[in-house]
Amino acid sequence: MVENSLKKKLGYFINYKDIEYEVLSQYYILELRMPSNGKLGQLLHEYLQEYLINGIIRINEKYLPFYYNLNKALELLYEVVNERKLYYCDKRIERIGNIKLVGQADICSDDLVIEIKSKPELKKVDLMQALIYTFLYERDVILFMYGIYSGEYTIIKLPFNERNTNSLFEGLKKISEKEEIL
């Protein structure tokens, strides 16, 4: 089962209250937002990964208006990772019953996984993705959600623990049961 459809399906069966997570930091204002831009989201990923993993800052002249916000994102994320050795995550695949969990997070360390999203608001599919990653990587997951236009952000930590693993397994069990009926 592909990751996108699985995290949507899990969202039907797992409630927010079933997952242990903590909002570490947030700056968020409800207002009219510009639409998400895939190129800017890709820029955010590349900028953060290149600097945190390789120590390289790549400057693209087309995106100069966003560099203040990119540097702010870098500063916020750096506070979370401290002095950890960071690297690109490998792709993980696990099969649980008839469901295949597949995922590749953005940044890893020996005790932490970081998933970068280019929007500041938490959606249930993002939480489901992080929940899957806690299981696949057997580590705590940081969801780093950052709006490149506005500088708004939300940083969420999902611990790798029994409660979250049980919630994931219960959701997967319900998906399996429903698909057997169909």
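Helices are DSSP runs of H or I with at least four residues, numbered from the N terminus. In this predicted model, helix α5 spans residues 162–181 and holds S176.

**S176 and its surroundings**

With a relative accessibility of 13%, S176 counts as buried, because the limit for that class is under 20%. Its side chain is joined to the side chain of N98 by a polar contact of 2.9 Å. When neighbours within four places in sequence are left aside, the residues in contact with S176 are N98 and I99.

**The sheet and the helices on it**

The model contains an open sheet of six strands with mixed pairing, in the order β1-β8-β7-β6-β5-β2. Its edge strands are β1 (22–27) and β2, each of which pairs on one side only. Within the sheet, strand β6 (residues 112–117) runs parallel to strand β7 (residues 140–146), the two being paired over six bridges, and I114 stands opposite I142 in β7. Helix α3 (residues 67–81) packs on the sheet, where it touches β6, β7 and β8 (153–158), and its direction makes about 165° with that of β7. Helix α4 (residues 124–137), for its part, lies across β5, β6, β7 and β8 and runs at about 150° to β7.

**Aromatic pairs**

A pair of aromatic rings is described by the distance of the centres and the angle of the planes. The count of such pairs here comes to three, and the table gives two of them, including the pair of Y133 and Y137.

| Pair | Centre to centre | Angle between planes | Class |
|---|---|---|---|
| Y133 and Y137 | 5.8 Å | 85° | edge-to-face |
| F144 and Y146 | 5.9 Å | 5° | stacked |

Y133 and Y137 both belong to helix α4, where they are four residues apart, about one turn of the helix. Y133 is buried at a relative accessible area of 1%, and Y137 is likewise buried at 3%. For the other pair in the table, the relative accessibility of F144 is 0%, so this residue counts as buried, and Y146 is buried with a relative accessible area of 0%.

**The disulfide**

The count of disulfides comes to one, formed by C89 and C108 with their sulfur atoms 2.0 Å apart. This link joins distant parts of the chain, since C89 lies in the loop between β2 (87–88) and β3 (92–96) while C108 lies in strand β5 (residues 107–108), 19 residues apart. The link of C89 and C108 is right-handed, with 115° about the S-S bond, and both C89 and C108 are buried.

Definitions and conventions: Residues are numbered from 1 along each chain as its sequence is written. This is a predicted model: local features need pLDDT of at least 70, side-chain atom pairs count only at pLDDT 80 or more; totals for chains, interfaces and linings use all residues. Side-chain values use heavy atoms; hydrogens and water are left out. A disulfide is a pair of cysteine sulfur atoms within 2.5 Å. Buried means under 20% relative accessible area, exposed over 50%, partly exposed in between (1.4 Å probe, protein chains only). Two strands pair if DSSP finds at least two bridges between them. Contact means heavy atoms within 4.5 Å. Axes are lines fitted to C-alpha atoms, for helices over the stretch in contact, and angles run from 0 to 180 degrees between N-to-C directions. A polar contact is a pair of N or O atoms within 3.5 Å; within protein, one must be able to donate a hydrogen and the other to accept it, and residues adjacent in sequence count only if both atoms are side-chain atoms. Rings of Phe, Tyr and Trp (its six-membered ring) pair if their centres lie within 6.5 Å; planes under 30 degrees apart count as stacked, over 60 as edge-to-face and the rest as tilted.
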